[in-house]
Amino acid sequence: MIYLIASIAGIAGLLFGFDEGVIAGALHLLRAEFTISPLAEGLMTATVPFGAIGGALLAGWLAGPVGRRKLLLGAALLFVFGALLSAVATSLAHVCIARLLLGLAIGVAAMIAPLYISETAPARIRGMLVSIYQLAITLGILGAYLVGYVFSDSWRTMFATGMVPGLILFFGVVVLSDTPRWLVLRGRRDEARAVIARTQGLPRDHRDVVAELREIEKAAAADEAQGGWRDLLSPTLRPALVVGMGLFLLQQLSGINAVIYFAPTVFRLSGFDNTSTQMLATVGVGCVNVLMTFVAMGLIDRIGRRKLMFIGFAGAALSLGMIAVAAGTGASDLQALALVGLLLYIAAFAVAIGPLPWVMMSEIFPLHLRGPGMSAASITNWVFNFIVVLTFPVLVEAIGLAGVFGIYALVCLAGLVFTARLVPETSQVSLEEIEAHLKAGKPFSALATRAPDRT
Ligand code: BGC
């Protein structure tokens with residue numbers, strides 16, 4: 001059962017990554033087929049994160065009345081349909097509509113999958129599942145780059161490949177039931193009990209099953225009483241909201257998706273003329289992203305969140321600055337500098353700026369506010385993802401690659417200040433301690449490692 005839940009996380013992450021990355025390989029073909037201005041290029045690329053904002057909002061609204069499972073099934077179908085529609089597009093507007101639907105599906109899946117996990121997975125492996133999610137995003141991106149490299153002369157095939165993970169998600173979710181917690185919330189107590197019994201492999205009247213059902217009922221009743229969204233804005237909890245949303249804002253404004261969505265374009269602007277070399281370098285970006293996410297998974301609990309975040313922002317600021325200087329001065333070794341700079345930047349991102357906001361968003365909100373807190377954080381992710389992707393082609397046209405990367409480097413410097421002043425150290429601290437610290441009204445960043453064991 002746990003493997004099934006983990007694979008839901010995995011497939012949702014793959015979908016997320018695949019759809020971010022697939023446009024990278026397709027863009028030069030689309031440019032050749034349709035006449036595209038920089039603004040139209042930004043618009044078309046940004047339809048995915050734009051649709052995802054809608055999907056995340058929709059999921060937040062419908063997760064209660066419709067249920068987690070049906071929403072995931074709907075998203076999977078939409079994903080297959082969107083991939084098909086984009087593969088047979090006959091105009092740019094057609095591509096945009098298809099990508100908007102895909103974005104919608106991804107917004108729903110990327111929001112419901114973590115919710116599904118937090119409601120079904122035992123607490124002890126929740127952290128690991130969060131990491132699997134980020135790893136799957138990077139594998140999805142790499143998969144999209146490889147598809148772009150292999151089918152380099154057919155954007156239709158690249159888009160059509162996206163149907164595969166959609167179908168896998170559909171058949172995976174068909175065999176799952178909804179979460180016991182949702183069933184309890186809908187007053188379907190008997191079904192909830194049956195699901196718990198099945199998950200634990202125990203008879204329905206077993207002590208553990210009854211105890212777990214009672215726990216869920218207690219938690220659900222407490223949730224109803226808490227009021228949700230409004231509480232997040234209360235002075236005691238606001239610091240958690242600021243950190244949750246702020247980390248995603250910085251993650252996105254560090255420019256990551258200018259690279260993920262437009263990597264071959266960035267390589268072209270840095271002097272790589274040959275399309276196949278651009279795509280090969282892009283696959284290199286995808287590989288470093290995956291590898292460094294593994295490194296992050298090993299380091300996160302060992303060296304602590306704050307230190308890792310400093311390393312990430314400092315490394316990203318340096319490498320982005322290096323590319324900006326190289327591009328601005330037209331250095332004779334521009335190609336080599338851009339390649340090394342980009343790979344260093346991806347490494348710094350993947351080791352910290354990528355996974356940490358996801359990990360921390362699942363730790364910093366008190367249990368009863370984790371749902372609304374996670375939606376606020378994930379909507380922030382999509383909104384700023386949209387802004388970066390929409391503006392990148394226009395900004396490059398207006399101020400050049402050096403200017404744009406210079407701005408992203410400054411954002412990373414701001415990330416250092418944000419981390420120093422506001423980000424707490426949550427590694428080796430129990431979730432209860434985090435909550436108690438917040439409620440005591442002490443500065444969030446003063447939270448420090450105290451207990452050897454985490455719960
Ligand atoms: C971000 C995505 C990004 C990806 C790159 C994720 O943490 O939220 O927007 O494309 O990392 O690996």
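**View 1. Helix α5 and the shell around the ligand.** Four residues of the shell around the ligand come from α5, the largest share, where helices are DSSP runs of H or I with at least four residues, numbered from the N terminus. The model is predicted, so that local features need pLDDT of at least 70 and side-chain atom pairs count only at pLDDT 80 or more, while totals for chains, interfaces and linings use all residues. Residues are numbered from 1 along each chain as its sequence is written, and side-chain values use heavy atoms, with hydrogens and water left out. At least two shell residues are supplied by each of α5 (126-150), α12 (238-253) and α18 (370-422).

**View 2. Residues around the ligand.** Among the 14 residues around the ligand, those that come nearest are Glu20, Gln134, Asn257, Trp358 and Asn381, a residue being near if one of its heavy atoms lies within 4 Å.

**View 3. Polar side chains facing ligand oxygen atoms.** A polar side-chain atom of Glu20 lies 2.4 Å from an oxygen atom of the ligand, and an N or O atom in the side chain of Gln251 is 3.0 Å from a ligand oxygen atom; polar contacts are pairs of N or O atoms within 3.5 Å. For Gln252, too, a side-chain N or O atom is 3.0 Å from an oxygen atom of the ligand.

**View 4. Helix α12 and the residue that follows.** Buried residues of α12 include Gln251 and Gln252, as well as Leu247 and Phe248, where buried means under 20% relative accessible area with a 1.4 Å probe, counting protein chains only. Just after α12, Gly255 takes a positive phi of about 90 degrees.

Conventions: A polar contact is a pair of N or O atoms within 3.5 Å; within protein, one must be able to donate a hydrogen and the other to accept it, and residues adjacent in sequence count only if both atoms are side-chain atoms. Buried means under 20% relative accessible area, exposed over 50%, partly exposed in between (1.4 Å probe, protein chains only).
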